[in-house]
Amino acid sequence: MPPRIQTQWVSNSVLPYLSPNTSTSVSSSSSSSCTSLPSSTSCPRRTFSSTPAAQTRLRSHMFEWLNSEGRKLQYHEPNVYKYVTNLKDLGKDSMGPEQLSKRPFPLNQNFVSEPILSEEMRAEIYKRVTQDKKSVRAVSIELKVDMRRVAAVVRLMEMEKAWRSQGKPLALPYARAIQEMVPTTRYSSDPRDQRPHESINDLPVHRLTDPQIFYPVSESRQFTRVDAGRVFSGAPRLPNSTVEEIANDPSTAISKATQKPHLIERVGKGDQETQVLQPADARIPHPYLVAHERDSINKPNERNENIKRFASRLQEEERIEAERKQATEQRRENRTRKVNPEDSRFEFRFTDVVVSKETTGADGRGHKAPGRRYGVPSYERKKGQVKIPTRVNV
Amino acid sequence: MRNRATTPLSRAKIRQSWSKYNLYNLQRFRNPSTSNRTFFQQKWTAKSAARAYHGEQVPETQWERMFSRRIRSVVPMDATRLAQDDGSIASSGRGSGIMSPWEMERAKKEKLTPFTQMTFAPLERRLDTAIFRALFASSTRQARQFVVHGAVTVNGKEMRYPGYLLNPGDMFQVDPERVMFATGAPKSKAERREGRIARQKTETTEEGEEGAAEEQKEGKEEQKPEAEEAQPEDTRETLKGLMAQAKTIMSKEKSDLPAKKKQELRGFQKAIKRVLSRSESSSILNDNLESQFSELMTLLKAKRVEKKADSKGKNTESQPAAESSEPVAETEAPDSRPGQALTEAFQKATENPAEEVDTSELTEDELDTLKRALIQMRDNPIDSTKPYATPWRPRDYMSAFAFIPRYLEVNQNICAAVYLRHPVARPGFSEVPSPFSESINTAAFAWYLRRR
C-alpha cells in the first residue's frame, strides 16, 4: 500500500464556513467512501493550498476503478468465475457461466483455473476405497482421477472423519465458499455422464529424451518406440529374434518391464550405469489400459472376454504391487533391531549405519553415508548451510 | 522480517496477495515494451517484474541457488493411440513419418509446451507459497506469518520454517481459525466494539463467578415460569414466528445490509433457544442438530404434512439433498408459494381454532427451510469473540484470486492439503500460477540462465 495521507482537510476543519458543503461531506465519510464519489464533484482538487493533497491522482484513479468496473468483482456469486479476464463479460446477460473464461490472469494464456473435486466426488472416492475395498488403481480408472490424488483424498477424508468424531471445529462456511468460487468436477452416478477430472496417463518427459539425435535407419526397418528408447540411452540394437517376439506380443513385453523392473537391461559403466529407456507404454501410470485397447482392436468380437482379461491384468498388477510393498517392509523389519525394556513405555529401534557403494557413491564422496572419510570435508558447520529439515516422516 | 512487499500505484507491481490494490495493479499491468531497449534491459525489467510476484520474500541469492534450468513436463498419453501404433508410423517414410492431410492439420493444432512459464516452479515447493496457493491465506506474507507463529503442521508435526520445501506426498494443515480469519471479511467498527464488550463481560464474570452463577439461577427461575405461562397459549404463534424468521434468513438478498441481517439472525437464534429451553432434557441446547430439530418439532406440535394434503402447496420443486447441507449456497429464496400456503394455513387456524392439528402441519419445503436455517445457524454462528466478521463471509475481491493448482489436493473443511507432486508443464498449459505472459517469463528465464 502506498503511504496514506491523512484525509483530514485541515483548512476546512479549521474554517468550516469557507466551504460548508465539502467539509460536511468529508467529515461524514471515510477515506474510501470519499473517493467513491466521482472525484471531480465531491472531492475537488485544492490547487492553491500548500497542504498535501488528500489523495494522489493514482489513488483516486484506483478507487474510481474499484467503484465502477471493479465493483463486479467485489462479491462472489456461486459458479460465476469472477476473474479479471472476465471483467468485460461479467455484466452481460448473453454470457452464461459456462462461457466465462477460466483464466485468472489476463496476460497468461497458459494458466487456467482447473476444476477441483466436489464434495460428493470426494465422498464417492472415499466410499469406493474404504467401503467397497477397491484398489486406488481401479478407482483412478473408473473416475478418471490421478492415483496420487485418490490416495490424498482418502487420507484427507480419514482426517476429516476423525475431526468430526472428536468434535473439532471445521471451516464449513469457508469450504462452501471455495466450492462456489472455483470450478468443480461433479460426480454423476451414471458412469457414462461422468466427466474426466484429469488425464490419468501422463508420461513424464525423461531427461534422456531432451537432446535431438540424428540416427540413420534403413527404410525397410520397422523403427518402433522400443528402438527409439534404446537409441536415446545409447544401447545396442536388439537382436532380430527379440524384435519379433516383442512385435508378436507387445502386451507381455510391456508387462514384463512394468512388473519386474529389476530385470530391465542396463547400459553404461560405473556412475553412468542406467536402465535402458523404456517405451512410453511401460512408463505411463496405467499400462494395462493400452493392453486393453490393443485387445479390443485385435479381438473386437470378444468384448466380455476383453473386459475379463483387463480385470485380471489389473488384479495381477495390484498383487505384484502389494507383494513388492510387503517385501520392502520385510527388509526394513529385518534391518531394525527392536528393544523393549520391561519397565519402559518406549520401544527402541536400532538400524545399523551402512557405508557402502550405495551410500557413498561410486567415487566414495557421497553425502548419504555417515562418518568421516578421507578427502571428504564436512560442510556441516560452514557458513550458509541450510539447516531447515528436508523431510518430515509420519 | 520487514515487509517490503508494497503495492505501489506509480509502478504497477503484482504481488501474491488478495488486496484490492493488487487487484487494481493486476488488471492494469501490461507487457513492458521491448522497442528501443537492449536485450539486457528487457531481461532486467522482466526479471524484476516477475520476482516482485514470485518469491518476493526469498532473497535473490537464495532464489538463484534454487533456480533450475531443467523444467518438468508431461505429455498426456492416449491409450488408444498407443495401442494402434507402435511408433513405426512416426518414423516411416524418410524418418519424419507419413501423415495424411487431416493428421497434418491435427499436428499443427497441437499446442506447444510452455516451458519458460515454469521458470519459478521451484518456489512453488515452499511451504508458505503452497499455503497461499491452497487458499488458506490471503497473501504469501500472511502464510509465512502463520508458519512462523506455529499454526501450521506438516505431516502432523509443527513446522516453523516457511522455507521448508515440500516433498511429494506431504500433508500440511493450517489452523482453521486462522484460515477463516485470513479469508473472511474483516470486522466492522461496531462488531469490533461488540467483541470488546463481550470480552470485558467474560472478564467480569470470571472475577465474580459465584455472583454470575447466582444471577443465572435467578434468570432461569425467572424464565421458567414465563415459559410455562407461554407454553399453553401459543405454540402456534411461536411456530409462525419461527417460520417467518427462518424464511427471512434464508431469502438472502445482496442488497440486505449485513447489520440488519445479523439482527434477524440473532432474533432467530434467541427464538430457537427460548423454545428449546422449554424442553425437559437440559442437554438439548448442546445436543446435535437432529435431536434439536426433533425436539423443536415435538415442542411445537408440528407435523409433517401428508402427501395428499400437499396439493394446495403444489411444491414440485424439491431441492436435492446435497444442497440442503449448503445453506449459504442458497441464493435464490425458497419460492413464495410455501410461504403463502403457510400463511393461509395460519389464517384458517385463527378463523376456526378447533382444527388445531392442521395448523401446525408443515410442508416438506417449510420443514426444509426451517432445518436449513438451523444448520446455517450452527455452522456459521454469530460470535463476536471471533477475529473476523460473523457470520463468516468471504472477503471482498477474493473470487478474483480463487483458483487451486492441480499439484495440490485440498480439503477445505479441515484446512489441510496434500502436495501431490511437483508442478509440471503440459502441451498448452503450465501449472505454475503466474500473472505474466510468456514474453516476460522467457526473458526472466534467460536472465537466470547466465553464467550457467
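The legends below describe close-up views of a predicted model of two chains, A and B.

Residues are numbered from 1 along each chain as its sequence is written, and chains are lettered from A in the order in which they are written. Because the model is predicted, local features need pLDDT of at least 70 and side-chain atom pairs count only at pLDDT 80 or more, whereas totals for chains, interfaces and linings use all residues.

**View 1. Packing of helices α15 and α16 in chain A.** Helix α15 (residues 287-298) of chain A packs against helix α16 (residues 303-335) of chain A at an angle of about 160 degrees, with the axes 10 Å apart; helices are DSSP runs of H or I with at least four residues, and strands are runs of E with at least two, numbered from the N terminus. Axes are lines fitted to C-alpha atoms, for helices over the stretch in contact, and angles run from 0 to 180 degrees between N-to-C directions. That angle makes α15(A) roughly antiparallel to α16(A) (a term for angles over 145 degrees). The contact, defined by C-beta atoms placed from the backbone and lying within 7 Å, involves Tyr288(A), Ala291(A), His292(A), Asp295(A) and Ser296(A) of α15(A), which meet residues of α16(A) including Phe310(A) and Leu314(A).

View 2. Leaving aside residues up to four places away in sequence, Ile440(B) touches Asn31(B), Ala46(B), Ala49(B) and Ala50(B). The C-alpha atoms of Ile440(B) and Ala46(B) are separated by 4.9 Å, although these residues are 394 residues apart along the chain.

**View 3. The hairpin of strands β7 and β8 in chain B.** Strand β7 (residues 408-411) and strand β8 (residues 416-419) of chain B run antiparallel and are joined by four bridges, where pairing requires that DSSP find at least two bridges between the strands. Asn411(B) stands opposite Ala416(B) in β8(B), and Cys415(B), in the turn, has a positive phi of about 55 degrees. Leu408(B) and Val410(B) point one way from β7(B), Glu409(B) and Asn411(B) point the other way, and all are buried.

Technical notes. Parallel < 35°, antiparallel > 145°, perpendicular 65-115°, else oblique. Buried ≥ 20, exposed ≤ 12 C-beta atoms within 10 Å, placed from the backbone.
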